[in-house]
Amino acid sequence: MGSGLCQSVCMAVLKASIDSSSKDWAALDNAVETTDLTKAFGDRVVVDKLNIRVPKGMVSAFVGPNGAGKSTTLRMLLGLIRTTSGSATILGGSIDNPRSYLPRVGSLIEGPAFYPGLSGWGNLEVLAALGSLQKSRIPKVLELVGLEKRSRDRVARYSLGMKQRLGVAAALLPEPDLLVLDEPANGLDPTGIAAMRVLLRRVADAGTTVLVSSHQLIELQQVADWVIIINLGKLKYQGELAALLEETGSTLVGVDDSKDVDRLAAVLRDAGYQPVAAGAGRLRFRVTHGTPASINRLASEAGLTLTELHSGHSSLEDIYFEMTDGGSIA
Ligand SMILES: Nc1ncnc2c1ncn2[C@@H]1O[C@H](COP(=O)(O)OP(=O)(O)OP(=O)(O)O)[C@@H](O)[C@H]1O
Ligand SMILES: [Mg+2]
């Protein structure tokens, strides 16, 4: 997606998603709110003026292809790396003062590291002792992640999915208000992914805000309330998942040359259509009036030849692909 178009279309996307929301999302408090959050490694900007919000009490999916900047953003929020510029508030505390909020945040950022010779229970006991946390919470978190029956087995005998769940249990030990998980479903089979989804829902229903990253929107679409999509460090979409799903009832048009997408977006916007996403040579917009023939006429009057024109429902996966240019790698 060209950056000029991205700015205009993505702002429209953002606005549309907020406008069409059935719930009053704007009134919800935010567990996380960033303002122009930026990270550069040398002169490479990998998180670029990110303005995102994570509504309290919800499951928020933070998605984008490999290299999009998800882990870097989460690391900044957790005070693991410094920001280059911009600001953020996490549970009311400033990102410049992680100690003000970190005790209320649980996280699983890399694959969890455990003592393989100890049981799941034993590992949590060590963590509780190291972090001066209540041991009495151990049975509760083991039950939450569904490991209570295997808690006395050595971790060396756990499957990958069980280790991931033990990692979430460890993150829940301090009874956090915010749980941050970086790709917790990585490497899990479909059953493991489904179990992780159930677990995230349970945690959110118990009152903890969940921010979870994935490189696949599909993985989280059944559990997320709120969706943040980034690519190449920039925000592509932020809004209620239900609003994004509504946008699947839309029309897709394609032009030969990706440079023409900008012009096509302008023509359609002038005709009262709302562009909702754009990718290389393709543009998706909300159908409010007109017919395929009238859309074709508009384009042709502007000197644009359409190579594609589809009306109807497309999958969430297609929309995600368009927003992320088919999952580009930085
Ligand atoms: N310490 C570092 N030094 C230099 N570049 C880095 C560093 N950490 C990350 N990057 C770069 O920042 C970009 C974003 O990486 P990041 O790990 O945040 O992406 P991601 O969205 O988490 O991707 P994935 O889905 O593969 O986990 C990548 O181009 C990566 O190479
Ligand atoms: Mg990552």
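I began with helix H11 (residues 316-323), where Ile319, Tyr320, Glu322 and Met323 are buried. Buried means that 20 or more other C-beta atoms lie within 10 Å of the residue's own; exposed means 12 or fewer, partly exposed is in between, and C-beta atoms are placed from the backbone. Helices (H or I, at least four residues) and strands (E, at least two) are DSSP runs, numbered from the N terminus. I looked down the axis of H11: its buried residues fall within an arc of 160 degrees, so they line one face of the helix. The arc is taken over the directions from the helix axis to the C-beta atoms. Just after H11, Asp325 has a positive phi of about 50 degrees.

I noted the conventions. This is a predicted model, in which local features need pLDDT of at least 70 and side-chain atom pairs count only at pLDDT 80 or more, while totals for chains, interfaces and linings use all residues. Residues are numbered from 1 along each chain as its sequence is written, and chains are lettered from A and ligands numbered from 1 in the order in which they are written.

An α-helix has 3.6 residues a turn, so residues three or four places apart point the same way.

**Chain and core**

I looked up the totals next. The protein chain holds eleven helices and 15 strands. Of its 330 residues, 42% count as buried. Contact means C-beta atoms, placed from the backbone, within 7 Å. Among contacts with a separation of 6 or more, 72% join residues 24 or more positions apart.

Which residues of the largest nonpolar core touch the most other members? They are Ala61, Ala169, Val212 and Val227, in a core of 81 residues. Domain 1 (25-243) and domain 2 (249-314) both give residues to this core, so it lies between them. The domain bounds come from an automatic or database domain assignment. A nonpolar core is a set of buried Ala, Val, Leu, Ile, Met, Phe, Trp, Tyr and Cys residues joined through C-beta atoms within 7 Å. I followed Ala169: leaving aside neighbours within four places in sequence, it contacts Leu124, Val141, Leu142, Leu144, Val145 and Leu147.

**Ligand 1**

I listed twelve residues around ligand 1, of which Phe41, Asn66, Lys70, Ser71 and Thr72 come nearest. The shell takes residues with a C-beta atom, placed from the backbone, within 6 Å. Helix H2 (residues 70-77) gives the largest share, three residues. By class, the shell has four nonpolar, seven polar and one charged. Here Ala, Val, Leu, Ile, Met, Phe, Trp, Tyr, Cys and Pro count as nonpolar, Asp, Glu, Lys and Arg as charged, and the others, Gly among them, as polar.

Ser132 has phi near 50 degrees, positive in a residue other than glycine. Ser132 sits in the loop between helix H3 (120-130) and helix H4 (138-144). Is Ser132 buried or exposed? It is exposed, with 7 other C-beta atoms within 10 Å.

Glu183 also has a positive phi, about 50 degrees, and is not a glycine. Its loop runs between strand S8 (178-182) and helix H6 (190-205). Glu183 counts as buried because it has 22 C-beta neighbours inside 10 Å.

Last, I located Arg286 in strand S14 (residues 282-286). With 17 C-beta neighbours inside 10 Å, Arg286 counts as partly exposed. Arg286 and Tyr273 are 13 residues apart in sequence and 6.4 Å apart in space, C-alpha to C-alpha.

Technical notes. Two residues are in contact if their C-beta atoms, placed from the backbone, lie within 7 Å.
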